Amino acid sequence: MTEVAAGEVKGTAGEQFVIELLDRAVAGMGGQSRSGQHEMARQVAKAIETGDHLLVQAGTGTGKSLAYLIPLIAHSLVSNKPTLVSTATLALQTQIVGRDLPRLLKTITPALDRLVKVALVKGRSNYVCQHKLAGGFPSEEPAEGQLFSLGEDTSVPHFAAALGGPSSQLGKEVVRLREWAEKTTTGDRDELLPGVTDRAWRQVSVTSMECLGAQKCPMAAECFSELARHNAAEADVVVTNHAMLAVSAFEGLAVLPEYDVVVVDEAHELQDRVTGAVSGQLSVAMVHAAASGARKHTAITVDALNAAAANLELALADVPNGLLPNGLNDEQLDCVDQLREACRAALSDSKGDGSQTADGGRQLARSRLMLILELCERLIVARENREVVWFSRASSFDPQQGYAQPDESAPVLVNIAPLSVAGKLREGLFAGHTVVLTSATLAIGSAFEPAAGGLGLVGEGAPSWTGIDVGSPFDYPKQGILYVAGHLPRPGRGASPEALDELEALIRASGGGALCLFSSRRAAEEAAEAMRPRLGLSILCQGDSTMTALVKQFADEPDTCLFGTMSLWQGVDVPGGSCRLVVIDRIPFPRPDDPLMTARSRAVAQAGGNGFMAVSATHAAIRLAQGAGRLIRSTGDKGVVAVLDSRLATERYAGFLRAALPPFWPTTDRKTAFAALERLAGKGA
């Protein structure tokens, strides 16, 4: 929690006060007032006052963080309730808590009448568990590929011994974690630098299901997660993430303090992040791990669980990967029902006598059983609840093909996800709260309906909302060119020789300084491998090092190129000449065999709509805009966005996709684009 000393009261919460605070903050931070930022701040203040929901598209450079943080602070000071900010990415969460809010509060403090308190709330597994550190839980080292991330039990209280001794890399990481845990005041994983592997972190953390709870845990008073929640309850501004918002909306759990206003930043990610947070996977390996843990830690008989696992394995033998439009068949449902009953019996038998108030092993075992039980119950009523079910298998590297593909010999995974999160968001998020959703890519053209529909704001019974676009301070037609290589062949599997030649020519013209965004990791790696001997430039590829290190090197070296996938489409902010060319290999449509997207497209078509446009094209438009948005990050930036997918020039849906992009000067003329890049390279930009 961050506290800032306050000065005398110099205003009251309201639009005028908000604008005065904004001007004060911008001046204090050495910036310039922007009309779009002012308009956004006014609209957010108005929405908070009226209680109406608001969708705000705020282009790069608008300064949207200040434009919503100031109205939130002003409201919390008069309402005495926390206000929430939810982000999709760790990078923005860290930016808000570590940079934006401290700088803002430093400048506006003299205008406020009391302390402003800020808290950060994450999921329980992001914090060190003091009880686990003290040996209250068995050490868990998961088997390779196991879905629980729990695996077979070792039950060795000393972590280093359990992991092969401190001489192993994992042992060294855990020893460093234990030393850090004695010094940290937050227990937050993100404060540990350098970081550790997920495998090591699991040795010192627990999930929400594994947690003993404040009533039973003997170290609840020292719990970092409970401390974070206590701080949040007393805070004015609470920063959290979309997954926590999903848990609160879907499950009704008190993981967040009571609030009346929330700003959802990176709102274009909300639907997918919420869907991911409430999706589930079941496998036979999970059942065996649960049975093993239950036998070891609760001493119950697990014959019924093992029998159910064996029957489920037979029912899933040789099933193909893919969507199950009607859910599981009767035989598979019978096996899932048998597993459900076995889990119920095991949970009943493993309750204990009530005297064991801090049995971590028992809690771990029961958490596994509860997870499987919940998945079974969802699978049985999936069709009635409009949930999507599909089979998948883990991928493995194919040396002949040179890339990973589904391993048909791998165990089957049974997946389940909601067809739509709109209804739950409408009930759990929009009902009873004022919600402001904002992003640089929230509308397609001037239409907010595609984004609003997936969030529950369109249709019968939907709440009222307003959508506004406050623009951007950048002069996109003068600063950037959108070049679509319409002469290239339609994209197929893998990059065509023509596309690789075009990529080489573009990078030569720009003299490097290229951020190249690809639809898959394989495509990025193959292109990097092809370009290195052709160009003689430094070409970095995602996976060569940490993302932070790659982006820093790319920013520091003006002629270096960076190749990567979706995390780069949204996560790179490199103003200046180091990024003067952004290349996009193809329109980022979802995979044609994506079961969830397929199910959603079919549902739209069955309702009389255009499934392709409503789902696939909308998905692609938002992500295409995110990728293209990497080019212009400041008023002095200039460059070219080059799309190597000729469909953006030739197909009927091309206009829909281009409407989502920043208004660059468009061309399909190769000479024009190359001449612009050569001029930039000649200037040393």
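Analyst: Helices are DSSP runs of H or I with at least four residues, numbered from the N terminus. The model discussed here is predicted.

User: What makes α9 stand out in the lining of the largest cavity?

Analyst: A lining residue has an atom within 4 Å of a cavity point. α9 contributes 3 residues to that lining, the most of any element. α5 (130-133) and α9 (224-233) each provide at least two residues.

User: How many cavities of 30 Å³ or more are there, and how much space lies in the largest?

Analyst: The count is 1 cavity of 30 Å³ or more. The largest cavity holds about 170 Å³ of space. Its lining comprises 19 residues, of which Arg124, Cys129, Cys211, Cys217 and Cys223 are the closest to the centre. By class, the lining has 13 nonpolar, 4 polar and 2 charged residues.

User: Why is Cys335 called buried?

Analyst: Buried means under 20% relative accessible area. Cys335 has a relative accessibility of 9%, and therefore counts as buried.

User: Is Cys561 buried or exposed?

Analyst: The relative accessible area of Cys561 is 0%, so Cys561 is buried.

User: How do you know that Cys561 is in no disulfide?

Analyst: A disulfide requires a pair of cysteine sulfur atoms within 2.5 Å. For Cys561, the nearest cysteine sulfur belongs to Cys516 and is 5.9 Å away. Cys561 is therefore in no disulfide by that cut-off. The structure as a whole holds 0 disulfides.

Conventions. Residues numbered from 1 in each chain as written. Predicted model: local features only at pLDDT ≥ 70, side-chain atom pairs only at ≥ 80, totals over all residues. Heavy atoms only, no water. Buried < 20%, exposed > 50% of the residue type's maximum accessible area, 1.4 Å probe, protein only. 1 Å grid on protein atoms, 1.4 Å probe; cavity = no way out; pocket = protein on both sides within 12 Å on 5 of 7 lines; lining within 4 Å. Points joined across faces, edges and corners; volume = space filled by probe spheres on them. Nonpolar A, V, L, I, M, F, W, Y, C, P; charged D, E, K, R; others polar.
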